[in-house]
Amino acid sequence: MSWQTRIEEAVDARKQAAAFRVRQSNAGGSARWLTQGEQRWLNFSGNDYLGLSQNPKVITAWQKGAARFGVGSGGSGHVTGYSDIHAEFEQQLADWQGYPRALLFISGFAANQAILAALLQASDRVLADKLSHASLLEAAAYAPSQLRRFQHNQSDSLQRLLEKPVAGDTLVVTEGVFSMDGDTAPLKTLHQLVQAHSAWLLVDDAHGVGVLGEQGRGSCWHQGVKPELLVVTFGKAFGCSGAAVLCDEATAQYLLQFARHLIYSTAMPAAQVCALQASLRCIQHGDDLRDKLMGNIARFRAGVAGLPYPLTASATAIQPLIVGENQPTLDLAQQLRARGVWVSAIRPPTVPQGSARLRITLTAAHRSEDIDFLLESLHGCSH
Ligand SMILES: *Cc1c(COP(=O)(O)O)cnc(C)c1O
């Protein structure tokens, strides 16, 4: 088969399955609104959980950083791209999370790929929660090691896999808050099991950090667990982009030698690091934002009863409505859009077959009346 035929057939198959993806551009947006021309929609699709992408302190920090350092870092961190500001921020992250070291990456996707690729050898195995993010599952699938997936949040399923012998080492992978479900992993139980089998635990807390725990330290701190590897990302509650891995000194030294995404990629701009420092301060002092977000979550969950969709186990900013089939999910998203509410329809393969959903996300930037409008709109749709 030629490249051309393969490509066309794959795209056609997506269209047949009502799973064809199109990007919708918008003229601009915030955690609360999306606009296009004269129109605007309440935004319940983003991951800017605290509204920090529009925070004046963060914006000013980026502007001042750009004036001082320019806009690009000029090279890999291993050459000239690593500045005093990068070092300072890594130390701030490490202190905040209570780890010896933090290493910055340009994205969460890159961090996960880099860590798994650098660590795993053919004799090793990865045991990953079935619903782990694509960046983790793909990295594990491409690595020379074995990949086994355990039932979502089921420690007994993990235990059965851990009890099977392995020649090399075992890395267990999960998320603090699951990106498409909003539920949280039983980190304490998982980590005890992992430790009992001399394995390591990697927790990707993309959706927990900033939102949960004292000073917004995230799911692990909230549950009193310190995994060997913690990945935090800056594209969600930090309102910016980038990521970091928290680890011990030896692992940091190792990653600096072998993590190819660190070595062969241009470092994050110093100006962006300045913005992230401002974001971190907002998060550390952000109890009012977290209270506001939790209030919005409670308001939504109270009002959603009566809709023909199950209330999920989520107590976080991600509040999915599981519709089931693809086409009805798209129709519902379309009806909401006509009413002025922007919600994403998420379909397989991003989520399991038959569990297409509206991925509703709430933020601290939403007002109570926004939540009420969302609920009214949902109740007003035909289901
Ligand atoms: C968003 C996300 C990532 C990717 O992070 P980026 O910084 O956007 O590349 C990784 N893991 C999880 C769980 C995520 O939700």
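The shell around the ligand consists, by class, of two nonpolar, eight polar and three charged residues. Here Ala, Val, Leu, Ile, Met, Phe, Trp, Tyr, Cys and Pro count as nonpolar, Asp, Glu, Lys and Arg as charged, and the others, Gly among them, as polar. The model is predicted: local features need pLDDT of at least 70 and side-chain atom pairs count only at pLDDT 80 or more, while totals for chains, interfaces and linings use all residues. Residues are numbered from 1 along each chain as its sequence is written, and side-chain values use heavy atoms, with hydrogens and water left out.

In total, 13 residues surround the ligand, and the closest are Gly-108, Phe-109, Asp-204, His-207 and Lys-236; a residue is near the ligand if one of its heavy atoms lies within 4 Å of it. Helix 4 (residues 108–119) gives the most to this shell, with three residues. Helices (H or I, at least four residues) and strands (E, at least two) are DSSP runs, numbered from the N terminus. Polar contacts, meaning pairs of N or O atoms within 3.5 Å, are listed below.

| Protein atom | Ligand atom | Distance |
|---|---|---|
| Phe-109, polar backbone atom | oxygen | 2.9 Å |
| His-207, side-chain N or O atom | oxygen | 2.5 Å |
| Lys-236, polar side-chain atom | oxygen | 2.8 Å |

The protein covers 83% of the 380 Å² of accessible area that the ligand has on its own; areas come from the Shrake-Rupley method with a 1.4 Å probe.

Strand 7 (residues 170–175) is largely enclosed by the rest of the structure, because six of its six residues are buried. Buried means under 20% relative accessible area (1.4 Å probe, protein chains only). Both faces are covered, with Thr-170, Val-172 and Thr-174 buried on one side and Leu-171, Val-173 and Glu-175 on the other.

Strand 7 pairs in the parallel sense with strand 5 (residues 125–129) over four bridges, and Val-173 is the bridge partner of Ala-128. Two strands pair if DSSP finds at least two bridges between them. Strand 8 (residues 200–204) is also parallel to strand 7, over five bridges, and its Leu-201 stands opposite Val-172. With helix 7 (residues 187–196), strands 7 and 8 make a right-handed β-α-β unit: with the strands pointing away from the viewer, the path from the first strand over the helix to the second runs clockwise.

A further sheet is open and has four strands in the order 1-2-3-12, with mixed pairing. Its edge strands, strand 1 (28–29) and strand 12 (341–342), each pair on one side only. Strand 3 (residues 39–43) runs parallel to strand 12, joined by two bridges; Asn-43 has Trp-342 as its bridge partner.

Note on methods: Buried < 20%, exposed > 50% of the residue type's maximum accessible area, 1.4 Å probe, protein only. Polar contact = N/O pair within 3.5 Å; in protein donor to acceptor, adjacent residues only side chain to side chain.
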